[in-house]
Amino acid sequence: MTGHANPLDTLAELFEGEGSAEYFGEAVTQAEHMLQAGALAEAAGAPPHLIAAALLHDVGHFQGAVTGRDLMENGTDNRHSHTGADWLDRWFGPEVTEPVRLHVAAKRYLCAVEPGYFALLSEASVHTLRVQGGPMTDEQVREFEAHPGARDAVAVRRWDEQAKDPEMATPGFAHFRSLLERLLRPQVGTG
C-alpha cells in the first residue's frame with residue numbers, strides 16, 4: 001500500500017486491494033462485508049458516525065496494512081477491533097473508533113445476554129467467538145454495559161452479522177466517501 005496525503009485515498013486503496021481477499025470462509029470478500037455493513041447502517045437511518053463505524057469495523061483485519069489476519073485463521077485473536085480502532089484514531093474521533101473497538105466485545109455480550117443470538121452467527125463467526133474469549137461472564141456483561149459506547153457497538157455488531165450476503169446489491173467505497181470526509185478530524189487534510 002502506498003502512503004497518501006488523503007486518508008480516504010488510503011482507505012479506498014485498502015478496500016480495492018486487500019479488501020478483495022477472501023473473508024474467513026464467508027460468501028463475500030472482506031470489502032463486500034464491510035461495505036454491506038455500512039449500507040445496512042445507512043438503510044437503518046443510522047447517524048453518520050455509526051455508518052462510518054459499520055463501514056470501517058473490520059479494517060483491523062487488513063493483513064500487513066493494519067494487523068495480521070492470519071493469526072485469527074490459526075486460532076489466535078489478532079485483536080483486530082482494537083488495532084483497527086487505534087489505526088483509525090489518527091483520522092476519526094471516538095464516535096467512529098469506539099464502536100469499531102467494541103464490536104467484538106458486543107458479539108461476546110450479545111451471545112451472553114440475548115437468547116438466540118448465537119444461532120445467528122455464521123460458522124466463521126462461531127469460530128472467531130471461541131478465539132475471542134466466548135460469551136461474556138456476568139461481570140464482563142456489567143462492565144460492557146457501563147461503557148458509554150456499548151449501545152453503538154451493539155448496533156454495529158448487528159449490521160456486522162447481517163453483512164454476509166453474496167446477493168446483496170452493495171455500493172462501492174466511493175458512495176461513503178463524502179460521509180467519511182465530513183467525519184475526519186479537523187486537522188486531517190484531504191488535499
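Guide: We begin with a definition: an angle of 65 to 115 degrees between two axes counts as roughly perpendicular. The model discussed here is predicted.

Visitor: How are helix 6 and helix 8 oriented to each other?

Guide: The axes of helix 6 and helix 8, the latter covering residues 123–131, come within 10 Å and cross at roughly 100°. That angle falls in the range of 65 to 115 degrees. Helix 6 and helix 8 are therefore roughly perpendicular to each other.

Visitor: Which residues of helix 8 meet helix 6, and how does the contact divide by class?

Guide: From helix 6, the contact takes in Lys107, Arg108 and Cys111. On the side of helix 8, the residues are Ser125, Thr128 and Leu129. By class, the contact of helix 6 with helix 8 divides into two nonpolar, two polar and two charged.

Visitor: How many helices and how many strands does the protein have?

Guide: From the N terminus on, the elements run α-α-α-α-α-α-α-α-α-α-α. The secondary structure comes to eleven helices and zero strands.

Visitor: What share of the contacts with a separation of 6 or more joins residues 24 or more positions apart?

Guide: Of the 191 residues, 53% count as buried. For contacts in the protein with a separation of 6 or more, the share from residues 24 or more positions apart is 69%.

Visitor: Which residues touch the most other members of the largest nonpolar core?

Guide: The largest nonpolar core has 39 residues. The members that touch the most others are Leu11, Leu56, Leu88, Phe92, Trp159 and Leu180.

Visitor: With which residues is Trp159 in contact, leaving aside its neighbours within four places in sequence?

Guide: Trp159 belongs to the largest nonpolar core. As a general point, nonpolar side chains in soluble globular proteins tend to be buried together. Leaving aside neighbours within four places in sequence, Trp159 is in contact with Ala37, Leu40, Ala41, Ala44, Ala46, Leu50 and Ala54.

Visitor: At what angle do helix 3 and helix 10 pack, and how far apart are their axes?

Guide: In helix 3, the residues that meet helix 10 are His49, Leu50, Ala53 and Ala54. Their partners in helix 10 are Asp152, Ala155, Val156 and Trp159. This contact has six nonpolar, one polar and one charged residues. The two helices pack at an angle of about 50°, with their axes 9 Å apart.

Visitor: Is helix 3 oblique or roughly perpendicular to helix 6?

Guide: His49, Leu50, Ala52, Ala53 and Leu56 in helix 3 meet Glu95, Val96, Pro99 and Val100 in helix 6. Helix 3 passes helix 6 in a right-handed crossing. Their axes come within 8 Å and cross at roughly 40°. That makes helix 3, relative to helix 6, oblique.

Visitor: Is Arg157 buried or exposed?

Guide: Arg157 sits in helix 10. Beyond four places in sequence, Arg157 is in contact with His103, Val104, Ala106, Lys107, Leu110, Tyr117 and Ser125. Its relative accessible area is 4%, and buried means under 20%, so Arg157 is buried.

Visitor: How far apart in space are Thr170 and Leu40, C-alpha to C-alpha?

Guide: Thr170 is found in the loop between helix 10 and helix 11, and is partly exposed with a relative accessible area of 30%. Leaving aside neighbours within four places in sequence, Thr170 is in contact with Glu32, Leu35 and Gln36. Thr170 and Leu40 are 130 residues apart in sequence, and their C-alpha separation is 9.3 Å.

Visitor: What separates the C-alpha atoms of Glu13 and Phe173?

Guide: Glu13 lies in helix 1 and is partly exposed, with a relative accessible area of 27%. Glu13 and Phe173 are 160 residues apart along the chain, and their C-alpha atoms are separated by 9.6 Å.

Key. Residues are numbered from 1 along each chain as its sequence is written. This is a predicted model: local features need pLDDT of at least 70, side-chain atom pairs count only at pLDDT 80 or more; totals for chains, interfaces and linings use all residues. Side-chain values use heavy atoms; hydrogens and water are left out. A nonpolar core is a set of buried Ala, Val, Leu, Ile, Met, Phe, Trp, Tyr and Cys residues joined through side-chain atoms within 4.5 Å. Buried means under 20% relative accessible area, exposed over 50%, partly exposed in between (1.4 Å probe, protein chains only). Contact means heavy atoms within 4.5 Å. Axes are lines fitted to C-alpha atoms, for helices over the stretch in contact, and angles run from 0 to 180 degrees between N-to-C directions. Helices (H or I, at least four residues) and strands (E, at least two) are DSSP runs, numbered from the N terminus. Angles under 35 degrees count as roughly parallel, over 145 as roughly antiparallel, 65 to 115 as roughly perpendicular and the rest as oblique. A crossing is left-handed if the near helix is turned anticlockwise from the far one by less than a right angle, and right-handed if clockwise. Ala, Val, Leu, Ile, Met, Phe, Trp, Tyr, Cys and Pro count as nonpolar, Asp, Glu, Lys and Arg as charged, and the others, Gly among them, as polar.
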